[in-house]
Amino acid sequence: MTYEVKSLNEECGVFGIWGHPEAAKLTYFGLHSLQHRGQEGAGILSNDQGKLKRHRDMGLLSEVFRNPAKLDKLTGAGAIGHVRYATAGEASVDNIQPFFFRFHDMQFGLAHNGNLTNAASLKTELEQRGAIFSSTSDSEILAHLIRRSHNPSLLGKIKEALSLVKGGFAYLLMFEDKLIAALDPNGFRPLSIGKMANGAVVVSSETCAFEVIGAEWIRDVKPGEIVIIDDNGIQYDSYTNDTQLAICSMEYIYFARPDSNIHGVNVHTARKRMGVQLAREFKYEADIVVGVPNSSLSAAMGFAEESGLPNEMGLIKNQYTQRTFIQPTQELREQGVRMKLSAVSGVVKGKRVVMIDDSIVRGTTSRRIVQLLKEAGASEVHVAIGSPALAYPCFYGIDIQTRQELIAANHTVEETRQIIGADSLTYLSIDGLIDSIGIETDAPNGGLCVAYFDGKYPTPLYDYEEDYRRSLEEKTSFYK
Ligand code: SF4
């Protein structure tokens, strides 16, 4: 497992299965493929003929289930699992999912990937009506809404609850007799359905989890859709018709694994096309192309192919260092870069290097990598970024929620170039990004959310509206 040197984190990954005697073990393997989406905590909830059992804890999946007995006790033919990185709620075991709710007449488990934009107001309203929350995560809200619905049928209650929550969400719900998957009306987060040879149905944040357990992809969950999986098979339904695909473009740029396919587009292929397009938009002379491992290697391949420059391994990643996301200060982050990456002097010495990276967040990492390449003897370092400049926050499940954290929100391209010490700086254009991903759809922006780059959010921001407006007026200097 590899972790990127970035201060940009996905909120979570979810996996579910119905109809296999080894459901919890397969969920473990599925979650293992999704570990890049969250390393703070993990959990699995199983369903043994209507009896739900759960184990969850802080840490990597392998740490949470270090004792095999923990997994062995999760018997049954159904399971849901979750790997967490928190954007909303504290880092505490109470916030680790799946959540497990027991009532006098029913019980269910819940796993959530995304971020609700009206969580604060819903929570206040629910508490005023007597609800007691056991976590500080916004994921628990849906359970309260389901429980409080007066709709006579369970499906009606779930649909009503789903129509009240706003923002980005992919939910998995495990009931005594069914597994339910649901996606927000814009489909911000990916969610795919697959099938195993014995007929078991699986649902996963990314299709890479299907490969590892031998499942075959059936289709992606659509925006506003609710999928009911039980012993009778799969039933597709929807809780709203007001939908428009706007999947997070950062899934393709950075978050998802290169072997995953999202809405018919392979992530590696999309990244390679971003590199091709970046080469077309790049205007400088250079000798070699060097991708920042690992998420920029696909884009570097595309750039090299299009430009005709050799693609060299000028940066090496140490796979076995600690995770930098737990380091809070800029200084420690910089040290983290040194521990994780080395420049190969024999490759870059005396060369004009095009350094390909997928994105620039605070600029700290880019500055350190440029410095590493120059210290290793590169005569020039031209930074080419496989995405447009990140200038706006995300409220749909990525942990950058203020503009102060983003260098491009506070500085021009030329200022950013100076701060990171590069000889030139090129970002991919927004149109170039949309064309490179190339989802087959009539939706605006090629079915992508590009709000990180243009500030045009596909939905109202609800509870975040005021914070966002205020943040537009504040500027931070990244100069030291
Ligand atoms: S704002 Fe950015 S990170 Fe958030 S969903 Fe949109 S593209 Fe993805």
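Which residue lies over the face of Tyr392? Arg403 does, at 4.7 Å from the ring centre. A charge is taken to sit over a ring if NZ of Lys or CZ of Arg is within 6 Å of the ring centre and within 35 degrees of the ring normal. The charged end of Lys123 is likewise placed over the ring of Phe133, 4.8 Å from its centre.

The model is predicted, with local features needing pLDDT of at least 70 and side-chain atom pairs counting only at pLDDT 80 or more, while totals for chains, interfaces and linings use all residues. Residues are numbered from 1 along each chain as its sequence is written, and side-chain values use heavy atoms, with hydrogens and water left out.

Rings of Phe, Tyr and Trp (its six-membered ring) were paired if their centres lie within 6.5 Å; planes under 30 degrees apart count as stacked, over 60 as edge-to-face and the rest as tilted. This rule gives 17 aromatic pairs. In one of them, the ring centres of Tyr28 and Phe29 are 5.7 Å apart and the planes stand at 85 degrees, so the pair is edge-to-face. Tyr28 is buried at 15% relative accessibility, whereas Phe29, at 43%, is partly exposed (buried means under 20% relative accessible area, exposed over 50%, partly exposed in between; 1.4 Å probe, protein chains only).

Phe395 and Tyr468 also pair edge-to-face, with centres 6.0 Å apart and planes at 80 degrees. Both Phe395 and Tyr468 are buried. They belong to one aromatic cluster together with Phe188, Tyr396, Tyr457 and Tyr464.
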